[in-house]
Amino acid sequence: MLAILLFASAQAFAQSADAIVGKWLSEKKDAKIDIYKADNGKYYGKLFWGARMYEANGQTSRLAKNGKPFKDMVILKDFTFADGVWEDGTIYDPEEGKTYSCRMKLDGNRLNIRGYVGVSLFGRETVWQKI
């Protein structure tokens with residue numbers, strides 16, 4: 001009986017850790033991000049749509065400050081799950097060209113994301129909506 005309870009607890013933990021997986025709409029509704037779990041067990045997110053993803057001609061991909069195309073750019077990297085929080089990862093702001101430490105917490109269909117430098121207290125928060 002104990003083994004069954006331990007197995008059930010492990011399954012519940014795995015399901016809650018993967019609750020972040022899916023497609024998300026940014027707070028400004030100008031970008032869509034696909035969050036996925038990689039083979040290494042960490043969570044990543046890549047841009048798959050953006051209002052400003054292409055140049056004015058509608059065909060040429062805009063480049064981020066790092067010189068890479070916006071389309072399919074991985075902006076969330078290396079998140080691990082512990083105690084209801086995805087942490088120890090980074091978020092890249094392609095408009096500013098800066099990478100920040102980041103932690104994320106799920107609240108129903110809303111993902112609270114806090115990017116910061118050094119200490120979480122000194123940062124900025126945004127909320128994404130599950131699509």
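Which residues form a nonpolar patch on the surface? V119, L121 and F122 do, with about 350 Å² of accessible area together. The model is predicted: local features need pLDDT of at least 70, side-chain atom pairs count only at pLDDT 80 or more, and totals for chains, interfaces and linings use all residues. Residues are numbered from 1 along each chain as its sequence is written, and side-chain values use heavy atoms, with hydrogens and water left out.

**Overall fold**

- The protein chain has one helix and eight strands, where helices (H or I, at least four residues) and strands (E, at least two) are DSSP runs numbered from the N terminus.
- Their order from the N terminus is α-β-β-β-β-β-β-β-β.
- Of the 131 residues of the protein chain, 32% count as buried; buried means under 20% relative accessible area, exposed over 50%, and partly exposed in between (1.4 Å probe, protein chains only).

**Nonpolar surface patch**

- Patches take residues with over 30% relative accessible area and no salt bridge, joining like charges within 9 Å and nonpolar side chains (Val, Leu, Ile, Met, Phe, Trp, Tyr) within 5 Å.
- Accessible areas come from the Shrake-Rupley method with a 1.4 Å probe, and for residues only the protein chains shown count as cover.
- F122, one of the patch residues, lies in the loop between β7 (110-116) and β8 (123-130).
- F122 counts as exposed because its relative accessibility is 59%.

**Salt bridges**

- Side chains of opposite charge can pair when their charged atoms come close.
- A salt bridge here is a side-chain nitrogen of Lys or Arg within 4 Å of a carboxyl oxygen of Asp or Glu, and by this rule the count comes to eight.
- D93 and R124 form one of them, with the closest N and O atoms 3.8 Å apart.
- This pair links distant parts of the chain, D93 being in strand β5 (residues 85-93) and R124 in strand β8, 31 residues apart.
- D93 counts as buried because its relative accessibility is 15%, whereas R124, at 55%, counts as exposed.
- E125 forms a salt bridge with R114, the closest N and O atoms being 3.9 Å apart.
- D72 is partly exposed at 38% relative accessibility, and K71 is partly exposed at 36%.

**Largest pocket**

- On a 1 Å grid over the protein atoms alone, a pocket is an open set of points where a 1.4 Å probe fits, with protein on both sides within 12 Å along at least five of seven lines; lining residues have an atom within 4 Å of a point.
- The largest pocket holds about 760 Å³ of space, a volume being the space filled by probe spheres set on grid points joined across faces, edges and corners.
- Its lining has 32 residues, and K28, D30, D93, P94 and R124 lie nearest the centre of the pocket.
- Two or more lining residues come from each of β2 (31-37), β3 (43-50), β5, β7 and β8.
- β8 gives the largest share of the lining, five residues.
- The lining divides into 16 nonpolar, five polar and eleven charged residues; Ala, Val, Leu, Ile, Met, Phe, Trp, Tyr, Cys and Pro count as nonpolar, Asp, Glu, Lys and Arg as charged, and the others, Gly among them, as polar.

**Loop residues**

- K29 is not a glycine, yet has a positive phi of about 60 degrees.
- K29 lies in the loop between β1 and β2 and is exposed, at 56% relative accessibility.
- D83, also not a glycine, has a positive phi of about 55 degrees.
- The loop between β4 (74-82) and β5 contains D83, which is exposed with a relative accessible area of 80%.
- V21 is in the loop between α1 (2-17) and β1 (22-25) and counts as partly exposed at 33% relative accessibility.
- V21 and G45 are 24 residues apart in sequence and 8.9 Å apart in space, C-alpha to C-alpha.
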